[in-house]
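Where does a fold leave open space, and how do its helices pack against one another? The report below takes up these two topics in turn.

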Amino acid sequence: IATATISNGKVNALSPDVLAGLDDALTRAEDAGEADVGALIITGTPGMLTGGFDLKVIRSSSQEAGRMVTDGGALFCRMFGSEVPVIVACPGHAIAAGTLLMMGADYRVGARGDFRIGLIETEIGMVLPRWAVELSRERISVRHFQQATVGARMYDPDGAVEAGLLDAVVEPDAVTDAARTEALRWAAFPRS
């Protein structure tokens with residue numbers, strides 16, 4: 001089981017370098033072969049998976065923002081279709097693109113606690129790109145879809161399970177073990 005940990009400042013922002021690092025981790029897992037890497041776990045630091053795309057880059061220029069959003073979408077969609085199972089161990093908050101990253105994974109386990117999970121794009125004046133809407137449609141419960149996307153509703157971890165943003169919630173000190181258990185289960189499936 002391979003693990004990639006997002007560690008980029010207070011909110012673990014998904015900068016171009018972080019996205020490239022995650023893309024590289026997925027490539028290495030895919031290239032390693034089934035016998036060497038059965039699944040990839042993506043996690044963050046205690047209390048924070050990621051607060052989303054790096055707002056400094058988003059605000060720097062429309063060209064740089066567009067490139068980062070496109071690269072993020074390509075990565076999340078690639079995760080969604082990868083032959084390597086991707087498990088997210090969400091140790092806390094997952095905001096905006098952090099939630100979208102989770103939707104690209106095969107299984108998502110989060111930490112119980114006073115954490116926020118959701119898509120705030122409407123609230124901050126951004127529009128969800130088409131790829132984000134499609135990932136959301138695939139993962140989010142039909143009953144929650146409108147509120148979770150256009151309505152920018154934020155969920156606590158238990159509510160995120162009900163909405164379809166997470167598959168399970170465990171105590172914070174159990175997130176890593178729960179993700180590893182699921183990764184081993186998924187790794188046992190034939191890649192084909």
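Predicted model: local features only at pLDDT ≥ 70, side-chain atom pairs only at ≥ 80, totals over all residues.

**Helix packing**

Two packed helices are described by the angle between their axes and the distance between the axes. Both helix pairs treated here involve α3, and the table sets out their geometry.

| Helix pair | Axis approach | Crossing angle |
|---|---|---|
| α1 (residues 16-32) and α3 | within 10 Å | roughly 25 degrees |
| α3 (residues 62-81) and α5 (residues 130-139) | within 10 Å | roughly 30 degrees |

Because angles under 35 degrees count as roughly parallel, α3 is roughly parallel to α5, and α1 and α3 are likewise roughly parallel to each other. The crossing of α1 and α3 is left-handed, and α3 also passes α5 in a left-handed crossing.

On the side of α3 that meets α5, the contact is formed by Val69, Gly72, Gly73, Phe76, Cys77 and Phe80, while α5 contributes Trp131, Leu135, Glu138 and Arg139. Sorted by class, the residues of this contact of α3 with α5 comprise six nonpolar, two polar and two charged.

In the other pair, Pro16, Leu19, Leu22, Asp23, Leu26, Thr27 and Glu30 of α1 meet Met68, Asp71, Gly72, Leu75, Phe76, Arg78 and Met79 of α3. The contact of α1 with α3 has eight nonpolar, two polar and four charged residues. Gly72 and Phe76 of α3 take part in the contact with α5 and also in the contact with α1.

**The largest pocket**

Rolling a probe the size of a water molecule over the atoms shows where empty space is left. The largest pocket in this model has a volume of about 350 Å³. It is lined by 24 residues, of which Gly51, Gly52, Phe53, Leu55 and Ala96 are the closest to its centre. By class, the lining of the largest pocket is made up of 18 nonpolar, three polar and three charged residues.

Which elements each supply at least two residues of this lining? They are α2 (55-60), β5 (92-95) and α4 (97-103), and α2 gives the most, with three residues.

Notes
Residues numbered from 1 in each chain as written. Heavy atoms only, no water. 1 Å grid on protein atoms, 1.4 Å probe; cavity = no way out; pocket = protein on both sides within 12 Å on 5 of 7 lines; lining within 4 Å. Points joined across faces, edges and corners; volume = space filled by probe spheres on them. Helix = DSSP H or I, 4+ residues; strand = E, 2+ residues; numbered from the N terminus. Nonpolar A, V, L, I, M, F, W, Y, C, P; charged D, E, K, R; others polar. Axes fitted to C-alpha atoms, helices over the stretch in contact; angles between N-to-C directions. Parallel < 35°, antiparallel > 145°, perpendicular 65-115°, else oblique. Left-handed = near helix turned anticlockwise from the far one by under 90°. Contact = heavy atoms within 4.5 Å.
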